[in-house]
Every structure is written in C-alpha cells, then in structure tokens.
Amino acid sequence: MTALHVEPDDGLTVPRCDIDAEQAVLGAMMLSGDVLGECLDLLTGQAFVRPSHQIVFGAMVTLSYDGTPADPLTVKAELERGGSLSAAGGALYLHTLISTVPVAANGTHYARQLLALQSQRDTETLSMTVRQLADDPALTPRERMDAISGAVDTLSDTAHTTDTA
C-alpha cells in the first residue's frame with residue numbers, strides 16, 4: 001500500500017492518502033470487535049480522505065456507542081436508517097471493504113498509517129495557513145504572530161491527542 005500525493009495539471013493538490021489502507025481499516029473493523037475498539041480509540045473520521053469512508057466510519061462509531069456490533073449487515077442497516085447508504089458506496093461496497101482485508105488483526109497497523117497521513121495533511125494545511133497569514137497586509141505584526149501561534153497550538157493539541165490515544 002502506498003500513499004498518494006499528486007500535483008494535478010490544474011494546480012490543485014490531491015491530499016496524501018492511502019485508499020487501500022482506508023479500506024483495510026474499515027473492513028477489519030467490521031470483521032473484528034477488538035479491532036473496531038482499537039481503531040475507534042485511534043481514529044476520527046478526519047483520518048479518511050474518501051468521503052464514503054468517512055460515512056462508513058461514522059456509522060460504525062454510532063453502532064459502537066449504541067453497543068451494537070458493527071458488521072456489514074448492521075452497518076448497512078445504520079446507513080439505510082440515516083439515508084446515506086448510497087453515499088457510502090452501497091451494500092456491495094461494504095462487502096468489498098471486508099474482502100480487501102488481508103488479516104483483520106492488522107487493522108490497527110493500517111489505522112496507524114492513516115494517522116501518519118492525517119498528520120502530514122494537517123501539517124501541510126498549517127503550512128498554507130501560516131503562508132496566508134504571513135502575506136495578509138491587514139494584520140498587524142502582533143495579530144499575525146498571535147494567529148500563527150494559535151494555528152500551531154491547535155495542530156499541536158490535535159497531534160498530542162492522537163499520540164496518546
């Protein structure tokens with residue numbers, strides 16, 4: 001599994017992601033209650049780049065908080081209840097997710113890969129924010145430094161939270 005970072009011709013940047021790892025994490029979470037719990041302790045929906053994966057993850061979070069197992073059938077039912085099954089890729093896609101898992105026990109390994117990629121995306125976002133603040137002529141030097149410091153502190157707090165999960 002390789003992370004993707006592409007600079008398209010239109011100047012837009014595709015964020016660092018690993019769709020295979022995203023699929024493996026979600027599939028492993030549906031196959032193993034232990035992996036589900038471990039991954040829920042590590043990840044948030046922001047760890048997933050693909051919106052359909054964020055939706056599936058959200059359904060699993062809801063099921064877990066309700067004390068319901070998050071297998072393909074219960075996840076499908078939760079997505080249907082929320083009206084988001086189609087946006088999540090449909091029922092067949094849920095089965096595709098579990099079929100992509102080499103070994104369910106490796107789900108936390110892939111979750112940690114997603115965390116590393118999320119950290120890279122967050123750092124890149126911070127870099128762009130700092131650049132924009134540095135170039136903003138409407139800010140006084142003090143306002144600029146306060147805004148930059150706040151942005152760094154926010155990222156640092158987020159990183160510390162995920163490091164201790």
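This is a predicted model: local features need pLDDT of at least 70, side-chain atom pairs count only at pLDDT 80 or more; totals for chains, interfaces and linings use all residues.
User: Why does cysteine 39 count as buried?
Analyst: Buried means under 20% relative accessible area. Cysteine 39 is at 0%, so it counts as buried. The residue lies in helix H2 (residues 33–42). Leaving aside neighbours within four places in sequence, cysteine 39 is in contact with Val25, Met29, Gly107, Thr108 and Ala111.

User: What makes phenylalanine 48 and phenylalanine 57 an aromatic pair, and why is the pair called tilted?
Analyst: Ring centres must lie within 6.5 Å, and here the distance is 5.1 Å centre to centre. Planes under 30 degrees apart count as stacked and those over 60 as edge-to-face. The structure holds one aromatic pair.

User: How do you know that the buried residues of helix H4 lie on the same side?
Analyst: The buried residues of H4 (residues 72–81) are Pro72, Val75, Glu78 and Leu79. They cover an arc of only 130° around the axis, and therefore lie on the same side of H4. These buried residues pack against helix H1 (19–31), helix H3 (51–65) and helix H5 (91–99). The face of H4 turned away from the buried side carries the exposed residues Leu73 and Arg81.

User: What makes the contact between glutamate 78 and arginine 81 a salt bridge?
Analyst: A side-chain nitrogen of Arg must come within 4 Å of a carboxyl oxygen of Glu. The N to O distance here is 2.6 Å, so the pair qualifies as a salt bridge. Both residues lie in helix H4, three residues apart, about one turn of the helix. Glutamate 78, at 12% relative accessibility, counts as buried, whereas arginine 81, at 60%, counts as exposed.

User: Why are glutamate 80 and lysine 76 said to be about one helical turn apart?
Analyst: They are separated by about one helical turn because they are four residues apart in helix H4.

User: Why is arginine 16 called partly exposed?
Analyst: Arginine 16 is at 26% relative accessibility, so it counts as partly exposed. Its side chain meets that of glutamate 124 in a salt bridge (2.5 Å, N to O). This pair links distant parts of the chain: arginine 16 is in strand E2 (residues 14–17) and glutamate 124 in helix H6 (residues 107–135), 108 residues apart.

Key
Residues are numbered from 1 along each chain as its sequence is written. Side-chain values use heavy atoms; hydrogens and water are left out. Helices (H or I, at least four residues) and strands (E, at least two) are DSSP runs, numbered from the N terminus. Buried means under 20% relative accessible area, exposed over 50%, partly exposed in between (1.4 Å probe, protein chains only). Contact means heavy atoms within 4.5 Å. Rings of Phe, Tyr and Trp (its six-membered ring) pair if their centres lie within 6.5 Å; planes under 30 degrees apart count as stacked, over 60 as edge-to-face and the rest as tilted. The arc is that of the directions from the helix axis to the C-beta atoms.
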